[in-house]
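Subject: Structure for you to look at

Hello,

Here is the structure I promised. Please open it beside this email and follow along.

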Amino acid sequence: MIDARRNAESQDTRESETVTRLRRIVLAEDDGEMRRLLAQALTRDGYDVVEVPDGSQLVSNIVDSLRDGRPVDLVVSDVRMPGLGGFEAVAWLRELGCRAPVILITAFGDRSVHAEGVRVGAVRVLDKPFELDQLRQLVRELFAPPRARASDFLM
């Protein structure tokens, strides 16, 4: 009886942790001012934002997260950064098994950059300068629960 109660309490605790856990975003941007601006906006929106200055640290952070069981819900990364760039970092993340959606941001957004972003698995490539509200809206949409369709309720 005591074991059953402990198991139920443990389950309740896990469920409440799941409900209250903030969505975790890893933000990789080599421009410190831009990184802080984006992180502040996303933090104000209620997300847990981890800031890293380059692709190498992005990969390292994700590896640590996967090992520690701390899920990453979204990656936002600049495309061009010293060392490991955004494309390369995303390719590494996919090889490591990280399936979090990725938003790439770039000041060099021509057709080939957008095509490469899609090829490596980004859900979107935003061209700088972009409206901060555009990024915030995209993040909200990615985290929104799937909408029910009328056909879901028909027998």
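One term before we start: a residue counts as buried when its relative accessible area is under 20%, and as exposed when that value is over 50%. Keep in mind that this is a predicted model.

Start with helix 5, residues 111-120. Val113, Gly117 and Val120 are buried there. They cover an arc of only 75° around the axis, so they sit on the same side of helix 5. What do the buried residues of helix 5 pack against? Their partners are helix 4, strand 4 and strand 5. The face turned away from that buried side carries Arg111, Val118 and Arg119, which are exposed. Gly121 follows helix 5, and its phi is positive, near 105°.

Now the sheet. Strands of a sheet pair through backbone hydrogen bonds, either parallel or antiparallel. This sheet is open, with five strands in the order 2-1-3-4-5 and parallel pairing. Strand 2 (48-52) and strand 5 (124-127) each have a single partner strand, so one side of each is left without a neighbour in the sheet. On average, neighbouring strands are turned by 20° against each other, direction ignored.

Look at strand 4 (residues 102-106) next. Four bridges join strand 4 to strand 5 in the parallel sense. Ile105 stands opposite Leu126 in strand 5.

Helix 4 (residues 86-96) packs on it, touching strand 3 (74-78) and strand 4, and its direction makes about 170° with that of strand 4. Helix 6 (residues 132-143) lies across strand 1 (24-28), strand 3, strand 4 and strand 5. Helix 6 runs at about 170° to strand 5.

Best wishes

Note on methods: Residues are numbered from 1 along each chain as its sequence is written. This is a predicted model: local features need pLDDT of at least 70, side-chain atom pairs count only at pLDDT 80 or more; totals for chains, interfaces and linings use all residues. Side-chain values use heavy atoms; hydrogens and water are left out. Two strands pair if DSSP finds at least two bridges between them. Helices (H or I, at least four residues) and strands (E, at least two) are DSSP runs, numbered from the N terminus. Axes are lines fitted to C-alpha atoms, for helices over the stretch in contact, and angles run from 0 to 180 degrees between N-to-C directions. Contact means heavy atoms within 4.5 Å. Buried means under 20% relative accessible area, exposed over 50%, partly exposed in between (1.4 Å probe, protein chains only). The arc is that of the directions from the helix axis to the C-beta atoms.
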